[in-house]
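Student: I would like to learn how to read a few features of a protein structure. Please show it to me and take one idea at a time.

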Amino acid sequence: TRHPSSLRHLPPQDGDEVELKYTLSLKVGDREVDSSSSKEQPFVYKVGFADAIEGLALGVKTMRKGEHARFVVAAPHAYGEAGNTDLGVPPNSTMVLEVELVKCPLREDLFEDGGAIKLEVRDAPDGRHPRPSDEVQITYKVTVTDSGVIMNQKGGVYKIGGEQIGPLGRVFDKALLSMKRGDEVLVTCQPQYTFAAGQYKGKVAVVSIALEEIFEVHDMSLGKHDSTVLRKRIKEGSAKDRIHDTTTVTLDIVSVSSGAEKLLKDRREVTFKVGNGQECDALEGSVVGMRVGDEAVLKVVSVEACRGGSVHLPEHLETPVMFHIAIKSFDRVKEKWDLSSAERIQRGRERKEVATELFKRGRTRLACHHY
């Protein structure tokens, strides 16, 4: 009577623990004999076990999470020839069962051929999915039938599409692209998705994957995107507000290195107004869009983008120069679409004046960014 919100996940199977809402009525006379609403706790049911009529298991195994369905259950799949005197069900009664599948284990057929079934173990509350070619931090374990654990790693860096896990790579890639940061899954892989040769050939493998971090990489070069400054997020903060132009931000410069040389001896805290040219172009551009708690590594291939600011780097630098930064706090400012017409005009004038001063100081790319 109500379709599920998505057909992505498979129906429950025998042995699964599910949470239901239901009503059970006699077809003849339409008299309700049982209902989950009469119970103090949600009705939790282990599919296929003998604590409910067989028709419930048969029906639930055709449903998906969120679906509401109505089943007409013949007597052999309900209370049979004996009926149920406690519920007032006469012998050989046909029943009407209405069921809402509220909660169940979420399985997904990754390749739609039954060869790799993903079971969701932990569903993180929110977060984005990784993209093809993203680097991610994962903890994983591969267990092969009759052979035990053959591969495992904790907190390893994995590049989606990078093929570093051999024949299981396509399973890892497909699973990770459907996960969010904080999700954990188990993937049961049939032989066609495991090992084509060697001692594990023809064996089923179970892969456990926990997605811990997504290392987003963005081109933060000012003026034009030419990859002179790349920002790789290595830790995601929990805050929602993001840094914008004119925001006053406080961050830690954790480290700066050029080749094998460390250019910053100690962690340094700096505070500046974004876009005013108080810090080098690499920092001015890279903080935009970051949030409190975010950490990132900057790869800077332009010496000019490292000039100026409070770090006072040497004149002659070997590129790339690597910055590790961590956002501590910032003052929230209105975004462009939140400004009134008068406020937009005023901000535009102020940024034009800043850009003019930046041109005079030789900060061409940052000035062009404002224009």
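Tutor: We begin with a definition: buried means under 20% relative accessible area, exposed means over 50%, and partly exposed lies in between (1.4 Å probe, protein chains only). This is a predicted model, in which local features need pLDDT of at least 70 and side-chain atom pairs count only at pLDDT 80 or more, while totals for chains, interfaces and linings use all residues. Residues are numbered from 1 along each chain as its sequence is written, and side-chain values use heavy atoms, with hydrogens and water left out.

Student: Is E216 buried, partly exposed or exposed, and which is R128?

Tutor: E216 is buried, because its relative accessible area is 13%. R128 has 24%, so R128 counts as partly exposed.

Student: How do I read a salt bridge?

Tutor: Side chains of opposite charge can pair when their charged atoms come close. The cut-off here is a side-chain nitrogen of Lys or Arg within 4 Å of a carboxyl oxygen of Asp or Glu. Across the whole structure, the search finds 24 salt bridges. One of them joins E216 to R128, with 2.6 Å between the closest N and O atoms. This pair links distant parts of the chain, 88 residues apart: E216 sits in the loop between β11 and β12 (217-219), and R128 in the loop between β7 and β8 (135-144). Strands such as these are DSSP runs (E, at least two residues) and helices are runs of H or I with at least four residues, numbered from the N terminus.

Student: Which residues are linked with E216 and R128 in a network of salt bridges?

Tutor: The network also holds R131, D134, R181, E213, R233, E236 and R291.

Student: Where do K328 and E269 lie?

Tutor: These two form a salt bridge whose closest N and O atoms are 2.6 Å apart. K328 belongs to strand β18 and E269 to strand β16 (residues 268-273), so the pair ties together parts 59 residues apart in sequence. K328 is partly exposed at 40% relative accessible area, and E269 is partly exposed at 47%.

Student: How do I read a strand and its neighbours?

Tutor: In a regular strand the side chains alternate between the two faces of the sheet. Two strands pair if DSSP finds at least two bridges between them. Here β18 pairs with strand β14 (residues 248-258) in the antiparallel sense over nine bridges, and L251 stands opposite I327 of β18. Strand β17 (residues 295-300) is also antiparallel to β18, over six bridges, with M322 of β18 as the bridge partner of K299.

Student: Why is β18 called largely enclosed by the rest of the structure?

Tutor: Strand β18 (residues 321-330) has 10 residues and seven of them are buried, so the rest of the structure largely encloses it.

Student: Which residues does K203 touch?

Tutor: Contact means heavy atoms within 4.5 Å. Not counting residues up to four places away in sequence, K203 touches V144, T145, D146, S147, C189, P191 and T194. K203 is found in the loop between β10 (184-189) and β11 (205-215).
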